[in-house]
Amino acid sequence: MKISITQRLFLAFLLATCTLVAVMFFVMKISFDRGFLRYINNIEQARIEDLADHLEHAYSEYGSWDFLGNDPLVWRKLLEQTVPEEQRAYRNDTRRETGAHANQMSRFPRRLFGRAPHTFERRVVLLNADKSLLFGPDRPLENIDLRSLEAQGRTIGYLGMVPPKHIVDPLQLRFVEKQRKSFALIALITAAAAALLSIPLARRLVKRITGVAAATHRLAAGDYSARVPAEASDELGQLARDFNSLAQTLEKNEQLRRQWVADISHELRTPLAVLRGEIESLQDGVRPLSPQSMAMLHGEVMHLSRLVDDLYQLSLADIGALSYRKEPIDLADNLAASIESFRGEFEMQGIRLVDEIPQGTPFIIEADERRLHQLFGNLLENSLRYTDRDGELRIRMSGDKNRAVVLFQDSAPGVPDDKLERLFDRLFRVERSRSRATGGAGLGLAMCKNIVEAHDGTIIALPSPLGGLGVEIVFPLKGQQLS
């Protein structure tokens, strides 16, 4: 038989509540019994004090204990005088109902203990001055607190009581039984109320869980728009928020995947279409086979080759298979060498190349020298391609004992602020000024980001004070780790 989670939660709540109610019932019962027994003992102690006053007064009147032996009913009367008023009325009512008659008490006290030995009258102990037994049970006196009786300045005897161990008085028993029934009724009502409350509580919890489960099935089926309400601040609310975050990430990744496939198809289709058109023109004799046409075909093939090579490099970086041979190198020397290799091209384009690299200050980092040349080469080529003629590229390097900072800043055209964060996305190009017409497939900056992150660094794009684009790269120096 399959038990649903709602039923399990209901049974768990009900079992926990019933266990708690049962424990509380027995604890209250034990506590009440003990407290009521102490209450009875206090009442009986008060009766002992009252009886002691009557005995001292009677002894002073008769001069000895003979009045008890001559008339055994006197002892009975003395005991009945100490009975509380409500208990005495109850006993009178009981006698009238049952028609019972009081038995004559014997002069010899040991005959009084044949029935109900736990009643107050049969637990009272009266001793003579020499502690010989006059009335009461013939028991050891170690556990009995004796009160001395005095008359005319001398001790005439002792009065005590065997402490009660059980409740035997009918009135007290009826009261205790009534309280136990009340406790039991309260326990049953509490358990029933807990059962009734457990049903909606279990359903509410399960409803939230089943909501997450249903959304998970939708997500597994490819519906990345699935979301669950996350208003609560408890653990289930946190689970719902985590699920929504996961669904949002998967939805974004799916969109990026589709965009990635579309962009790759578009990037490959353009040079292939050009190649196809040129080759068909040559085949049909529309264009003659000449060094110029061959150079144009070669240029398209090289563009396609670079695109495929960049895609291959990015795929290796994604799966962690891009090789890095790191060793301690001076970042300043590596950057200076990369700048010198591009200085002639910048002069040909009429773009001033200004570098501010500290001399004599080594910036030692653990890096792959070849990958760093690729990183700086991509950034230099990006500025060379997209900076207007008669513009400027300024490269500044600084650092402290923990990190080295490289900052590229070029002149116009710039990049809108809302597109700076996407510059490192694959195949992303800013429209108009930085378009496909100027070359590139939009993979260079994405590759730069992979290289920097592989060296535990960070790279961000920001506006340049010269009017163009700024790129800030931070590397941890050897032995340090950026947080």
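The structure is a predicted model, in which local features need pLDDT of at least 70 and side-chain atom pairs count only at pLDDT 80 or more, while totals for chains, interfaces and linings use all residues. Residues are numbered from 1 along each chain as its sequence is written, and side-chain values use heavy atoms, with hydrogens and water left out.

## Overall composition

The secondary structure of the protein comprises 10 helices and 11 strands. Helices (H or I, at least four residues) and strands (E, at least two) are DSSP runs, numbered from the N terminus. The protein has 483 residues, of which 35% count as buried; buried means under 20% relative accessible area, exposed over 50%, and partly exposed in between, with a 1.4 Å probe and protein chains only. Contact means heavy atoms within 4.5 Å. Among contacts between residues at least 6 apart in sequence, 68% join residues at least 24 apart.

Two strands pair if DSSP finds at least two bridges between them. The table lists pairs of strands from both sheets.

| Strand pair | Sense | Bridges |
|---|---|---|
| E6 and E8 | parallel | 5 bridges |
| E8 and E9 | antiparallel | 7 bridges |
| E10 and E11 | antiparallel | 6 bridges |
| E3 and E4 | antiparallel | 6 bridges |

Val354 stands opposite Arg394 in E8. Ser398 has Val405 in E9 as its bridge partner, and a hairpin of 3 residues joins E8 to E9. For Ile460, the bridge partner in E11 is Glu472.

Strand E9 contains Asp410. This residue is buried, with a relative accessible area of 2%. A polar atom of the Asp410 side chain lies 2.6 Å from the backbone nitrogen of Leu469.

## The sheet of four strands

A further open sheet has 4 strands in the order E2-E1-E4-E3, with antiparallel pairing. Strands E2 (133-135) and E3 (146-151) stand at its edges; each has a single partner strand, so one side of each is left without a neighbour in the sheet. With direction ignored, neighbouring strands of this sheet are turned by 35° against each other on average. In the pairing of E3 with E4 (residues 154-161), Ser148 stands opposite Tyr158.

## Helices and their surroundings

Helix H5 (residues 170-220) has 51 residues and reaches 73 Å from its first C-alpha to its last, close to the 75 Å expected at 1.5 Å a residue. The expected span is 1.5 Å times one less than the number of residues of the helix. At Ser198, H5 bends by about 25°, and a proline, Pro200, follows within four residues. The bend at a residue is the angle between axes fitted to the seven residues ending there and the seven starting there. Just after H5, Gly222 has a positive phi of about 105°.

Phe32 belongs to helix H1 (residues 5-62) and is buried, with a relative accessible area of 19%. Apart from neighbours within four places in sequence, Phe32 is in contact with Phe175, Val176, Gln179 and Phe183. The C-alpha atoms of Phe32 and Val176 are separated by 8.6 Å, although these residues are 144 residues apart along the chain.

Asn244, in helix H6 (residues 235-284), counts as buried at 15% relative accessibility. Its contacts, leaving aside neighbours within four places in sequence, are Arg227, Val228 and Ala230.

In helix H10 (residues 444-454), the buried residues are Leu445, Ala446, Met447, Cys448, Asn450, Ile451 and Val452. Asp456, which follows H10, has a positive phi near 60°.

Definitions and conventions
A polar contact is a pair of N or O atoms within 3.5 Å; within protein, one must be able to donate a hydrogen and the other to accept it, and residues adjacent in sequence count only if both atoms are side-chain atoms. Axes are lines fitted to C-alpha atoms, for helices over the stretch in contact, and angles run from 0 to 180 degrees between N-to-C directions.
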